[in-house]
Structures are given as structure tokens and as C-alpha cells.
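Subject: Structure handover

Hello,

The structure you asked to take over is below. My notes on it follow.

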Amino acid sequence: MMSETSEAPRKITIFDTTLRDGEQCPGASMNLSEKLDVARALVMLGVDVIEAGFPIASPGDFESVRQIAREVEGATICGLARCVNVDIDRAGEAVAPAKQRRIHVFLATSPIHREFKLRMTKEEVIQNAVAGVKRAKGYCEDIEFSPEDASRTEPDFLCEVVGAVIAAGATTVNIPDTVGYATPDTFAAQIRMLKQQVQNIEQAVISVHCHNDLGMAVANSLAAVSAGAGQIECAINGLGERAGNCALEEAVMAIRTRQDFYHAFTGIVTPRIVPTSRLVSGITGMQVQRNKAIVGQNAFAHESGIHQAGMLRNATTYEIMRPEDVGLTKSDLVLGKHSGRAAIGDRAKDLGYQLTSEQLDDVVSKFKSLADRKKTMYDADLVAIIEKQVRNTDAKTWTLERYALECGSDRHPHTILWVRCGETLHKVETEEGDGPIDSVFLALEKLTGLTGQCKEFRVHSVTVGKDAQGEVNVEIDYHGSTYRGRGVSTDTIQASAEAFLMAMNRIAAAASLA
Ligand SMILES: [Zn+2]
């Protein structure tokens with residue numbers, strides 16, 4: 001066996017798919033300005049490749065990949081395509097403006113997919129895969145190929161496909177565990193098999209894309225790295241279809257913390273991990289669980305007395321990583337009502353936002369008026385204000401001016417809302433509804449004439465303390481599509497009204513496009 005220290009540590013390429021696989025997860029869809037902010041944050045985080053989307057999927061997807069390719073520098077911008085000419089052409093066109101670009105083509109190889117989905121023989125699969133890679137090669141040098149459902153593909157056939165696409169010009173071969181079926185041992189064995197059996201394997205980087213259906217996405221990815229994989233596909237906060245993808249932050253911190261074992265490193269600027277995680281959960285409304293590794297609220301909280309005593313003597317007694325290594329700072333509280341415009345602007349930039357001068361003016365004034373009411377201001381408060389100020393402009397039709405509400409346990413709520421649409425101020429009133437929130441929702445339906453079904457209503461506190469801002473996330477089903485809205489205020493009823501209104505504005509915008 002090779003000695004682990006005889007060679008220099010290997011660099012592991014971090015391929016982030018938050019904007020593609022992550023965005024596919026229900027309720028996590030992002031608009032163009034949100035995607036651009038995430039892409040810029042990913043560059044600051046130091047990811048090597050950003051999978052920006054699936055250009056053939058819709059005109060919106062195409063436009064966002066193209067826009068990211070145009071505006072975001074510092075990482076390779078990648079577009080996904082099936083092994084079909086129109087897909088590849090569309091992806092090629094979308095990533096064309098990027099300085100460093102990649103096309104990622106995929107085709108299923110497992111018997112079950114060949115038979116029931118593709119209706120192709122083995123020979124046809126190879127022909128199509130090779131043709132796809134060659135066509136993509138016409139747009140750029142950097143080509144990734146994925147045999148979809150690789151972990152359930154016959155080993156010999158998988159080797160044959162991989163060898164053929166490398167010969168056709170693929171520079172990265174990605175082995176996806178599409179259904180989250182692999183285990184660390186079986187997956188590592190599969191990577192070792194490819195390294196042994198595919199003659200030209202050294203001409204390409206082996207990548208892995210693991211799903212978390214059995215909670216093993218990170219473990220499987222790391223087992224693959226030990227077996228020789230050179231790229232991990234992952235997403236911030238483990239976002240992704242179903243149970244999600246390999247969590248970027250976990251894989252990266254495992255490689256860093258256990259460098260002694262993996263003998264590898266990544267280009268990730270680890271102190272950017274927590275700000276990026278918060279940006280993504282703020283934008284998607286997908287909160288991370290409190291006890292989530294690395295980025296959960298409790299990840300670095302030591303409650304037990306024995307632990308605390310040990311920590312006071314020496315942090316390494318119970319801490320394998322320092323909070324500041326992942327960007328958890330105690331300087332959360334540096335901003336207050338006396339903070340200047342420049343300080344707030346700097347902080348916003350640090351959190352991943354590029355604000356125009358006008359937007360910053362707006363944010364500063366909202367920040368100061370909140371700081372008057374609230375003792376302590378946290379990063380999360382600033383994020384909440386920015387999200388509210390910056391995002392709403394996209395599809396803004398209606399905005400809440402104020403509301404009045406009377407309710408109680410023995411009476412029906414009486415709600416009055418004043419909602420602005422352009423120059424006109426509308427007043428709407430209702431005495432219907434089961435409780436104040438339902439009543440606000442019904443009043444807004446009456447006003448907008450849009451009737452949807454509220455599928456999800458979540459309230460959580462943005463920060464700590466009794467005066468904390470409440471964040472309300474709603475999902476409304478309207479004719480089979482899901483629209484998300486988010487409202488933040490120290491007043492939960494107001495936050496709810498804003499969240500409903502944001503979702504309704506999105507419904508109206510989508511309806512006007514159709
Ligand atoms: Zn996936």
C-alpha cells in the first residue's frame with residue numbers, strides 16, 4: 001500500500017450545484033436576482049465550479065445561466081444538458097459568455113433506466129454518450145459527463161461507457177448515486193474499480209454526485225475521495241432533490257479537519273461558509289435544522305457543565321474546529337443604530353450582497369428605524385431587511401401600507417388592510433376567517449382576486465430575544481404551481497401579510513408572463 005504522506009496533498013475540486021440540483025428541491029426556486037447573489041457568494045466562498053442551471057428546462061433557466069456566465073467571474077460556470085443536440089446547443093449558448101465554462105452532459109446507463117426510461121440498447125447508450133460529448137466539445141474544452149444512476153449500472157458496462165466518453169473528450173467523469181442507494185464501502189469500491197479497469201481514466205478527473213436518501217451523501221462522497229475521486233458535487237446546506245445532496249460545508253470541513261487522513265485540501269475559504277449558508281437559507285426560505293453539522297445554530301454550542309469547564313481550560317478538549325474557521329463570529333453585534341452607511345454597506349457586502357447606491361440608502365434607513373425599536377441588531381436582521389428591500393422590486397405590484405385588526409377567542413376577527421398598487425391605495429376589509437392570519441389571507445385574496453391554497457405557513461424568529469424579528473414563510477399553491485413568499489417584521493401579523501402579498505405578486509407576475 002502507498003504511504004499516505006509520500007505524495008503532496010491533492011486538491012479536491014468543489015463543484016457546487018445549489019443553483020441546479022438545489023434549486024430543483026420543492027419550494028427552493030429562486031429568481032434571477034437571487035441566483036446572481038448566490039453565484040457571487042459562491043465565488044467568494046471559493047468554489048471551483050458553479051453549476052448554474054439546466055438551460056433547456058425553461059427560458060428563465062437559460063436566461064439565468066447566461067446572465068451568471070456574463071456577470072460572475074472567478075469560477076467555472078457550468079450548464080447541464082441531456083445527451084440531445086438541442087440541449088447541448090442551448091447549454092453551449094448559455095455558458096458562452098463565461099471566461100471559464102463547462103458543459104455537463106448526462107445519460108442514464110443503468111439497466112432499469114435503459115429499459116424503462118430511454119428504451120435504448122447498451123450500444124445506443126454508448127453511441128449517444130460519445131456523440132453528446134463530441135458535440136459539447138464544439139463549445140468548450142471543459143466537458144463533464146455523467147452516467148446517470150451509475151451506482152446501479154453493471155460494472156463492465158459502466159467501465160465501457162466511461163472509457164468511451166473520455167476517449168471522446170470528456171475531461172471530468174461524474175459518478176452519480178442518483179437515488180442515494182450506495183454505501184461508503186460499495187461506492188469506494190466502484191471508484192477503485194473504475195481506476196483499475198478503465199485504461200484512459202487518468203486523462204479525466206473522477207467526480208461524485210451523491211444523494212442523501214439514506215443520510216450517507218457526505219460519507220459516500222468522502223469514501224470516494226479516499227478511493228481517488230478528485231471532484232465532489234455538493235450544495236450549500238445540502239439542498240437538493242428529495243433528501244438533498246452532499247452538504248458542501250460538511251464535506252469541506254471534514255477534508256480540512258481530517259487532512260491527516262484524507263491527505264487532500266480544497267480551495268474553499270472556510271470563514272465564508274456560515275455567511276453563504278445564511279444567504280442561501282434566507283433566499284430559499286429553507287432553514288437548516290438547529291443541530292445540523294457545521295452551520296446549525298447549535299453546532300458550536302456547548303451546554304453541558306463538564307464540556308464548558310473543559311472548554312474554558314482549553315477549547316480543543318471538546319472542539320475539533322474553531323467557530324471562526326467556518327465564519328461564526330462573535331462580532332455579530334457590531335452594528336447598531338449609530339452605524340454609518342459605509343459600515344452597513346461593508347457588512348452587507350460581507351454577507352454576500354452587492355447593493356446599488358439607491359438600495360443601500362433604502363436599507364440604511366430601514367436598518368436605523370429597526371435599530372430604534374430593537375436593542376440588539378444581528379447579521380440576520382440586516383439580511384432580513386436587505387431581502388425585503390431588494391427582492392420585492394422584481395415583481396412588485398402590491399405593497400402593504402398598514403393594517404388594523406381586532407380579534408379575540410370569542411369573536412370573529414375584523415381585519416382592514418391598506419394596500420398600495422402603483423399610485424392607488426386600496427382598502428380592503430373582512431370579518432371572515434378562522435383567526436387573524438386566516439383573516440389577513442382572506443382579505444388579500446379578496447383584494448387581489450387570486451385564490452390559492454396555502455400549503456405551508458412557517459414562523460420563526462430571525463435572531464434571539466423577545467424583540468426579535470419574526471420571519472414568516474408561506475407557500476401558496478396556485479393552479480398546480482408553488483409560489484413562495486417571505487415577510488419579516490417585529491410584528492408577526494404584518495410579516496404574514498407581507499409574505500402572502502409577496503407570493504401573490506409572484507402569482508400575478510407569472511400570470512402576466514403566461
Ligand atoms: Zn442530483
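A helix crossing is called left-handed if the near helix is turned anticlockwise from the far one by less than a right angle, and right-handed if clockwise. Helices (H or I, at least four residues) and strands (E, at least two) are DSSP runs, numbered from the N terminus.

This is a predicted model, in which local features need pLDDT of at least 70, side-chain atom pairs count only at pLDDT 80 or more, and totals for chains, interfaces and linings use all residues. Residues are numbered from 1 along each chain as its sequence is written, and side-chain values use heavy atoms, with hydrogens and water left out.

Helix pair. The crossing of H8 and H9 is right-handed. The axes of H8 (residues 184-197) and H9 (residues 217-226) come within 8 Å and cross at roughly 35°; axes are lines fitted to C-alpha atoms, for helices over the stretch in contact, and angles run from 0 to 180 degrees between N-to-C directions. Contact (heavy atoms within 4.5 Å) involves Pro-184, Phe-187, Ala-188 and Ile-191 on H8, and Ala-219, Asn-220, Ala-223 and Ala-224 on H9.

Zinc site. Asp-21 (OD), His-209 (NE2) and His-211 (NE2) are the protein donors of the zinc ion, at 1.9 to 2.2 Å. Donors are N, O and S atoms within 2.8 Å of the metal (3.2 Å for Na, K and Ca); water is not among the atoms, so sites may look incomplete. Along the chain the spacing is D-x187-H-x1-H. Asp-21 in helix H1 (residues 18-22) and His-209 in strand S8 (residues 205-210) are 188 residues apart, so the pair links distant parts of the chain. Asp-21 is buried at 2% relative accessibility, and His-209 is buried at 6%. Buried means under 20% relative accessible area, exposed over 50%, partly exposed in between (1.4 Å probe, protein chains only).

Strands S15 (residues 470-478) and S16 (residues 481-489) run antiparallel, joined by nine bridges; two strands pair if DSSP finds at least two bridges between them. Val-474 is opposite Gly-485 of S16. Two residues lie between the strands, and His-479 has a positive phi near 45°. Seven of the nine residues of S16 are buried.

Positive phi elsewhere. Most residues other than glycine have a negative phi. Arg-119, in the loop between H5 (111-118) and H6, has phi near 50° and is exposed at 68% relative accessibility. Asp-149, in the loop between S6 (142-148) and H7 (155-167), has phi of about 65° and is buried at 0%.

Regards
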